[in-house]
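Subject: Structure handover

Hello,

Here is the structure I promised you. Please open it and keep it beside this email while you read.

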Amino acid sequence: MYQYDNLDQTIVDDRVAQFRNQTARYLDGELSDAEFLPLRLQNGLYVQRLAPMLRIAVPYGLISSKQLRAIADISRRYDKGYGHISTRQNIQLNWPQLHDVPDILADLAAVQMHAIQTSGNCIRNTTTDQFAGVAADEVVDPRPYCEIIRQWSTLHPEFAFLPRKFKIAVNGAEEDRAAIHFHDIGIELYRDAASAVRLRFLVGGGLGRTPVVGAMIRDDMNPADMLSYLEAILRVYNLHGRRDNKYKARIKILVKAMGVEAFRDAVDAEWASHRGGSNTLTESALAAVAAHFTSPDYKVADVSRESAILAEACAKEPLFAAWVQRNTQAHKQPGYRAVTVTLKATGQPPGDISAAQMDALAKLADAYSFGEIRTTHEQNMVLADVRESELRSLWEALQPLGLAGSNAGHITDMICCPGGDFCSLANAKSLPVAQALQERFERLDYQFDLGPIELNISGCMNACGHHHVGHIGILGVDKKGQEFYQVCIGGSQAGRAQVAKILGPSFSRADLPDAIEKLLQRYLELRETEEERFLQVYERCGVEPFKEAVYGQA
């Protein structure tokens, strides 16, 4: 993990002192609500339906056991004893009191954490693959590039007040687990025929009211030019992005209005004016950052014995075998696997984790995974470096914590925004819908028979629950003061990235579980083999058979 130097720590400490003064002035009436608004937003503080919400930055999803313990302690002392994993890999506190926030930020600074730029019209947390650095299909480790982007973008004076919030994702694996097609900027790292690292830039992707798949505007880029090209894109957006209408202010609208070719030309013209300048990324600078992401001290002398121990444990315990199959990932280091700890137990809001669970998971990270944890945009957590021979004991330790669910990637492992229970923007509640679906499809045999299915739920068109890219997506809508739910199917965040299609008229909350069950039953009827997945059936058969199953004959 990247470790702060003196300059990093000074910047964060100074920002805490600055916000402490701003908060005191606001509480004393010296700052108006309008004056305080941008100040609190760029320190991660929202005012939601019932209480403030503080969003804590977790750069590209990496957090140490020490940091997780600190957040657990903060949640006990200043909140209600739990945190929430967001789809940008951050951690949110839903109940802090405004006067306590400066103290919370000071406690975070003590463990090299902050909430800077986790909200507001600025460059948000850069995200990446939760298995970065360990995935068996990784081509280039994206973490050093993410860290360089973080350092470049944090408190960048030119981009502090963009037309709208701005999100960047980086992927360096064969499979895109970072959803780079649905970000303002997506960067794909790859190697050319000579094995040199190259970059491919996508721009103008996003969800929300206008879901758009990003367009490729630059291929075969030298890593040295990454920052100068990023700066060129941001400058064009900052100059031409609309500020008169927040619904038309995202870069995706600008790219569509200008056209991809014209946008590329504008970026190239801006890039030409400062390419090769001070933002050129030298090999030594990249190497210095990459040195923070060296491999841990792996200790497997006999890989075949590790695998034999795991195979024997799986043969003895079918439930453990199911967990290994669905919640562990192939690792580039022989004898190890990466473990997804799903935060999707039935009856628990998706993505929530209690202070007790945080403390326990930090302890398990120390014991089994070199003291490091990852957060995921699917609202789960990952222990990335677990020996195969120790998987059984880890699984047993997770069980009393309620963290041993073997549903990763399956229908109850859903993405879900906080919805109307917390968010003042929501049109409908999301959490009761998630609970009803968890209860309906809890049976593991049924989940395993369905195979991997991504089900995503949003409480409004802002799409914080990524419903547009779910294999099945659910959107809460308001109809004359009543909550209804629109269903869409066929979305995909990776591979052939695509936006889901609306199935038809919306459903009441009571009718929604039946509608989803009919969709799933039709999928089982249509698939030609047990290996054919929901998305494959949809792409082969189209939306009409699913409409017929849910609504009946036209």
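Arginine 77 is partly exposed, with a relative accessible area of 46%. The cut-offs are these: buried is under 20% relative accessible area, exposed is over 50%, and partly exposed lies in between (1.4 Å probe, protein chains only). This is a predicted model, where local features need pLDDT of at least 70, side-chain atom pairs count only at pLDDT 80 or more, and totals for chains, interfaces and linings use all residues. Residues are numbered from 1 along each chain as its sequence is written, and side-chain values use heavy atoms, with hydrogens and water left out.

Salt bridges

What does arginine 77 pair with? Its side chain meets that of aspartate 107 in a salt bridge (2.6 Å, N to O). A salt bridge here is a side-chain nitrogen of Lys or Arg within 4 Å of a carboxyl oxygen of Asp or Glu. Side chains of opposite charge can pair when their charged atoms come close. This pair links distant parts of the chain, 30 residues apart: arginine 77 sits in helix α3 (residues 65–78) and aspartate 107 in helix α4 (residues 101–109). Helices (H or I, at least four residues) and strands (E, at least two) are DSSP runs, numbered from the N terminus. Aspartate 107 counts as partly exposed because its relative accessible area is 25%.

Next, look at glutamate 517 and arginine 440. Their side chains form a salt bridge at 2.5 Å, N to O. Again the pair links distant parts of the chain: glutamate 517 is in helix α16 (residues 512–526), arginine 440 is in helix α14 (residues 431–440), and they are 77 residues apart. Glutamate 517 is partly exposed at 34%. Arginine 440 is partly exposed, with 34% relative accessibility.

Glutamate 312 and lysine 316 also meet in a salt bridge (3.3 Å, N to O). They are 4 residues apart in helix α10 (residues 303–316), so about one helical turn separates them. Is lysine 316 buried or exposed? Lysine 316 is exposed, at 62% relative accessible area. Glutamate 312 is partly exposed, at 45%.

How many salt bridges are there in the whole structure? The search finds 39. Asp129, Asp137, Glu175 and Arg177 are linked in a network of them.

The second largest pocket

Glu175 comes up again here. The second largest pocket has a volume of about 1100 Å³. Its lining has 41 residues, and the closest to the centre are Glu175, Ala408, Gly409, Pro452 and Glu454. Elements that give two or more residues to this lining include α11 (318–327), β12 (336–341) and α17 (534–541). A pocket is an open set of points on a 1 Å grid over the protein atoms alone, where a 1.4 Å probe fits, with protein on both sides within 12 Å along at least five of seven lines; lining residues have an atom within 4 Å of a point. Grid points are joined across faces, edges and corners, and the volume is the space filled by probe spheres set on the points.

Alanine 321

Alanine 321 is in helix α11. Alanine 321 is partly exposed, at 22% relative accessibility. From alanine 321 to arginine 392 is 71 residues in sequence and 9.3 Å in space, C-alpha to C-alpha.

Best wishes
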